[in-house]
Amino acid sequence: MATCAFSANGNYLAVSSPDGRLSVWSTVEKSLKQQYIPSAHLSATLTCLAWRHSRKNQEHKKRRRSKKHKGGDSETDQAIEETDLIAMGTIGGSVLIYSMRQGDLKSRLEKGHEDTVNDVCWDRLEDTLYSCGDDGNIVEWDLVHGVPKNKWKGDKGSVHSLAVCPISNALLSAGRMIKLWNLDDQEVLKQFSGHASPVTRLLFTPFNLYPKETEDTASIEGLHFLSAAQNERVINVWQIKSKTKSKTAAASLLLQQEPSFVDISYPDQRKKTIRVAAVTREGCVHVFSLVLNGQAKEPFQPSHTISIATQGDKVVTPRPITIIAAHFARGQQDRLLLAYGSSFKTAFEFVSLETDQKEICLVRDDPSLKKSSQEMSGDKIKRPGTSEDATVLTPYSSAPLKPALATDSETPVRRKRKADKPEVSLEDKLMALSMAQSQADTSKEHPNLNSMVTLLTQALQSQDKNLLEKVLGQNKANVIKRTVHRLPVTLIEPLLHELARRLDKTPESALTTTVWTKTVLREKASFLTSSPELVRMISEIYEKISGRTHAGKKLNMLQGKLDLMLSQVASQKAGSEEEPYSNALLVYEEDSEEENLMESLPAVTSESEVDWEEEDASDGESSASDMDEEDDGIPEDKGSDEESSEESEEEDSDEFEEKK
C-alpha cells in the first residue's frame, strides 16, 4: 500500500500524509509544488496513489506551442502534461483523479468498491485505470464516464496490490496468492505462491532480459517481476514460465526490515544487470545488483546500504533521518534519487553508487527542523495574514524555547517577599519530606487484578507506550493468566499486534513477551479458532518468531558437536595427567630373609595326604591277615617290606617339600 510515488520522469514526488493531505514536491526545484486537501478528507483518507504514465501526442504538442506563443513556461507545462493525473484510493471505496494542471479533482470514481481501496495502477499501453480493494474485486474504470468498465472477483479475501504488464495485455494481482490474469477474458494464466502474509507490492521489469528469437516481442514468457509482503524481510523475484509447473521464486533479496518502498532501474542491455532499491521501515535504503540468468542458489545480499543522520558531537547525539522513497532515473543505474525528511518537509538528493563502500552514511541537517516560508507557490490553501510580531506555532516549532536573558534595557524586577506569610521551620520541612516519602513507598505496590485489566485496556486503546511497558512487563504467570482471562475479546487483536511489535523492536523482553503470547493463545483459543481473521492475527507473530529461530536447529546441532569434541578433549587431558597402570597392585621381591622364614616354618600336611596314608595302612593290614589264613602261601619277607615302605615315605615327603 504505497503512500508516496514518483512520477515516470522522476521530476515530481506525490506524498499522502496521515491527515488526508496530498503534497506534490518538485525534485528539480526541491520545493513544494502543490498541496491539496479533499473536502471530505477525514472520512475519505487516502490509502494509495499512482501517477499516470507519460503520454505524448499531437494535441499536447499543439497546446505547448500555443502556450509558448502566449508567453508561458513551456518546460514546466511540458513536465506537467507528461505526468498530469494522479489516481488516489480512499478508505471509503472511491477513487479520486487529481489533475496537476487544474490543481483540483478532475473526477471521482464511485460504485466500484464496497470497502477500502488498497491499490491503483495505470496501464502503460492504454489510458486505463485498475483498482483493487478489501472486497476482493478488481475494477477496470471508464475514465470518460466515471463508471466501472469491467469488474471481476480477484480473490476470496482482500486483494492488496496490482501491477500491469508493460509489454502485454496481462495483469498481476496479489492477496495471499499472486495471480496472472489475461485482461482480454479475465482468466487466470498462472499462480505463484511464496509468501505467508499478504503481498503489498508488485513490480514488473521494464522488458524481457533474455528474449528468445522464436517468441513474440509482446509475449510475457520469461518476464521477471518482484513481490514484497507484509511483515516479511525478503523480496522475491519471479520469472513467468507458462510451460513449467515450478512455483518457487527465481531469486530472493534479504533485508534487515520490512520494505516500505521498492523501485527497479531500467536494465542495462549489454550487461543484463538491474538494480533494486528497497526502502525499509527504519528509513534506510538497501541497493541490490542482480543478474537474473537462471535460478539463484542463495539469496542476494545488498551491495550498498544508505542511511542519513544528523551531525553529532560530544554533547549532541546524532539522530537518524528517515528516507521516504528512492528512485532510479531512466538510463542512470549508478545514480539514485533519495527523498528524506517527512511528508510535511521533504528534501531531495542524488547519491552516486559508483563506489566500493558498502555502508554509506550521509550527514545532513534534518529538513523537518528548518523554517518553511509562510506562502508556498503551489499551495491551494488560504492562510490568514499575520503580523511580524506574531509567532506562528507549527507541529515542528511548538517546542518551548529557552528562557531569554535580560538585556541592559530590560532590568529584572525583583519581587519582595511578603511579610504576612510565616516562614516554615527546618523541622517542619523535614517532617513533611519524610511523610511524602512514606506515601510514595506505599503507592509503589503492585496493582491488583482489576487494575491490571483496566490498565491493559486503557493502554491498548490509547497506545500509551509507558503504560504498555508497565503492564506487559509483568512476568508472573498467574497474574498474566488472570489478566488475559478477564480481557475482552475485542482487545485480543490489538494485544497480539502489540506483542508482535515488542518481539521485533525490543528483543531483550522476548522472554516475558513469549509468556504473554503463550497465555493469550491458550486462554483465548476458543475465540481465535472461531475467528475468520485468525491467520492474519497470528501470521505477524509467526513471522517474527520464525525469523528469529530459523537457525535454531543448526545451532543446536553445532552445540552438540562442540560438546562432544570438548568432552573428548577433556578426557584426553585427564588420561595424560593420570596413567591408569602407573601403580602396580602386587610387587614380588626375592629376598634371603623370606627363604629362611619359609625354612623355619613347620611342615604342614593336608587332610588328603593323611587320608591317603591311613588307607595304605589299612590295606597293608588286610593283606597280612589274608596271607596268614592261606596254608600253602609263600612267606612274606618282612624286612624287605619295611625297607620299601620307608623308601616310599621318604619319596613322598620329598615330593611334598618340592610342592611347597
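**Exercise 1. In which loop does Asn-231 lie, and is the residue buried or exposed?**

Solution. Begin with the position: Asn-231 lies in the loop between strand E18 (224-229) and strand E19 (234-239), where helices (H or I, at least four residues) and strands (E, at least two) are DSSP runs, numbered from the N terminus. The model is a predicted one, in which local features need pLDDT of at least 70 and side-chain atom pairs count only at pLDDT 80 or more, while totals for chains, interfaces and linings use all residues. Residues are numbered from 1 along each chain as its sequence is written, and side-chain values use heavy atoms, with hydrogens and water left out.

Next, consider the accessibility: Asn-231 has a relative accessible area of 17% and is therefore buried, since buried means under 20% relative accessible area, exposed over 50%, and partly exposed in between (1.4 Å probe, protein chains only). Finally, look at the backbone: most residues other than glycine have a negative phi, whereas Asn-231 has a positive phi of about 65° although it is not a glycine.

**Exercise 2. Where is the place of Lys-111, and is Lys-111 buried or exposed?**

Solution. The place of Lys-111 is in the loop between strand E8 (104-109) and strand E9 (117-122). Its relative accessible area is 80%, and Lys-111 is therefore exposed. As for the backbone, Lys-111 has a positive phi of about 65°, although it is not a glycine.

**Exercise 3. Why is the pair of Tyr-12 and Trp-51 stacked?**

Solution. A pair of aromatic rings is described by the distance of the centres and the angle of the planes. The rule is that rings of Phe, Tyr and Trp (its six-membered ring) pair if their centres lie within 6.5 Å, and that planes under 30 degrees apart count as stacked, over 60 as edge-to-face and the rest as tilted. By this rule the count comes to eight aromatic pairs. The ring centres of Tyr-12 and Trp-51 are 6.2 Å apart and their planes stand at 25°, so this pair is stacked.

The pair also links distant parts of the chain, for Tyr-12 is in strand E2 (residues 12-16) and Trp-51 is in strand E5 (residues 46-51), 39 residues apart. Both Tyr-12 and Trp-51 are buried. Elsewhere, ring pairs link Phe-192, Phe-204, Phe-225 and Trp-238 into a cluster.

**Exercise 4. Over the face of which ring does Arg-335 lie?**

Solution. A charge sits over a ring if NZ of Lys or CZ of Arg is within 6 Å of the ring centre and within 35 degrees of the ring normal. Arg-335 lies over the face of Phe-350, at 4.2 Å from the ring centre. In another such case, Arg-201 lies over the face of Phe-261, at 5.4 Å from the ring centre.

**Exercise 5. At what angle do helix H7 and helix H8 pack, and how far apart are their axes?**

Solution. Two packed helices are described by the angle between their axes and the distance between the axes. Axes are lines fitted to C-alpha atoms, for helices over the stretch in contact, and angles run from 0 to 180 degrees between N-to-C directions. Helix H7 (residues 492-505) and helix H8 (residues 510-523) pack at an angle of about 155°, and their axes are 10 Å apart. H7 is therefore roughly antiparallel to H8, because angles under 35 degrees count as roughly parallel, over 145 as roughly antiparallel, 65 to 115 as roughly perpendicular and the rest as oblique.

The crossing of H7 and H8 is left-handed, a term used if the near helix is turned anticlockwise from the far one by less than a right angle, with right-handed used if clockwise. Among the residues of H7 that meet H8 are Leu-495 and Leu-499, and those of H8 include Trp-516 and Val-520, where contact means heavy atoms within 4.5 Å.
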